[in-house]
Amino acid sequence: MSKARNISVWLSVGLASLGFAVAGIAKLMGVEQVHMSFAIMGLPVWFGYFIGASELLGALGLWLRKLSFYAASGLLIIMVGAIYFHLRFDEIPTAIPAIILAALLVNIALARFDDKLKF
């Protein structure tokens, strides 16, 4: 992997893991504004806590090279849901952070694809 590609992957890991760790902790702490989106979609309260735990564990998994592909893939599924929510129930500009995080995750998953085979 070229030096520039390597830097872009580690920058993506750093930014994505920070974003998901903060979001996951907020959900696990029960921040009401964060959980409102789940209520709007008619999802149960426990689902917000499940997503929060998944985001926090995924943020940690991004740093572990052998797990990075799987963590990025799992978090990408969550981001597809977040993008859907913002486009369906909210104003379009509110989807921009989820789209940026999704792009970072795609970058990570593509770079770590070969690593997943080395378990």
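1. In this predicted model, F38, W46, F47 and F50 are joined into a cluster by ring pairs. The structure as a whole holds 8 aromatic pairs.

2. Among the aromatic pairs is the one between F69 and Y70, which is edge-to-face, with the centres 5.5 Å apart and 80 degrees between the planes. The two residues fall into separate burial classes: F69 has a relative accessible area of 15% and is therefore buried, the limit being under 20%. Y70, with a relative accessible area of 40%, is partly exposed.

3. F69 also pairs with F113, again edge-to-face, at 5.5 Å centre to centre and 80 degrees between the planes. This pair links distant parts of the chain, since F69 lies in helix 4 and F113 in the segment after helix 5, 44 residues apart. F113 has a relative accessible area of 40%, so this residue counts as partly exposed.

4. Which residues have the most contacts inside the largest nonpolar core? They are A16, F20, L62, M79 and L105, in a core of 25 residues. At least two residues of this core come from each of helix 1 (3-28), helix 3 (45-61), helix 4 (65-89) and helix 5 (96-112). As background, nonpolar side chains in soluble globular proteins tend to be buried together.

5. F20 deserves a separate look. Leaving aside residues up to four places away in sequence, F20 touches E55, L56, A59, L75, M79, L101 and L105. Two of these partners, M79 and L105, are themselves listed with F20 among the core residues with the most contacts.

6. The largest pocket comes next. Its space amounts to about 620 Å³. The lining is made up of 26 residues, and K27, E55, M79, A82 and H86 are the closest to the pocket centre. Helix 1, helix 2 (32-40), helix 3, helix 4 and helix 5 each give two or more residues to this lining.

7. Which helix gives the most to the lining of the largest pocket? Helix 4 does, with 7 residues. By class, the lining consists of 17 nonpolar, 6 polar and 3 charged residues.

8. Core and pocket should be read together at M79. This residue has a place among those with the most contacts inside the largest nonpolar core, and M79 is also one of the residues closest to the centre of the largest pocket. E55, another residue closest to that centre, is touched by F20.

How values were computed: Residues are numbered from 1 along each chain as its sequence is written. This is a predicted model: local features need pLDDT of at least 70, side-chain atom pairs count only at pLDDT 80 or more; totals for chains, interfaces and linings use all residues. Side-chain values use heavy atoms; hydrogens and water are left out. A nonpolar core is a set of buried Ala, Val, Leu, Ile, Met, Phe, Trp, Tyr and Cys residues joined through side-chain atoms within 4.5 Å. Buried means under 20% relative accessible area, exposed over 50%, partly exposed in between (1.4 Å probe, protein chains only). Helices (H or I, at least four residues) and strands (E, at least two) are DSSP runs, numbered from the N terminus. Contact means heavy atoms within 4.5 Å. On a 1 Å grid over the protein atoms alone, a cavity is a set of points where a 1.4 Å probe fits but cannot get out, and a pocket is an open set with protein on both sides within 12 Å along at least five of seven lines; lining residues have an atom within 4 Å of a point. Grid points are joined across faces, edges and corners, and a volume is the space filled by probe spheres set on the points. Ala, Val, Leu, Ile, Met, Phe, Trp, Tyr, Cys and Pro count as nonpolar, Asp, Glu, Lys and Arg as charged, and the others, Gly among them, as polar. Rings of Phe, Tyr and Trp (its six-membered ring) pair if their centres lie within 6.5 Å; planes under 30 degrees apart count as stacked, over 60 as edge-to-face and the rest as tilted.
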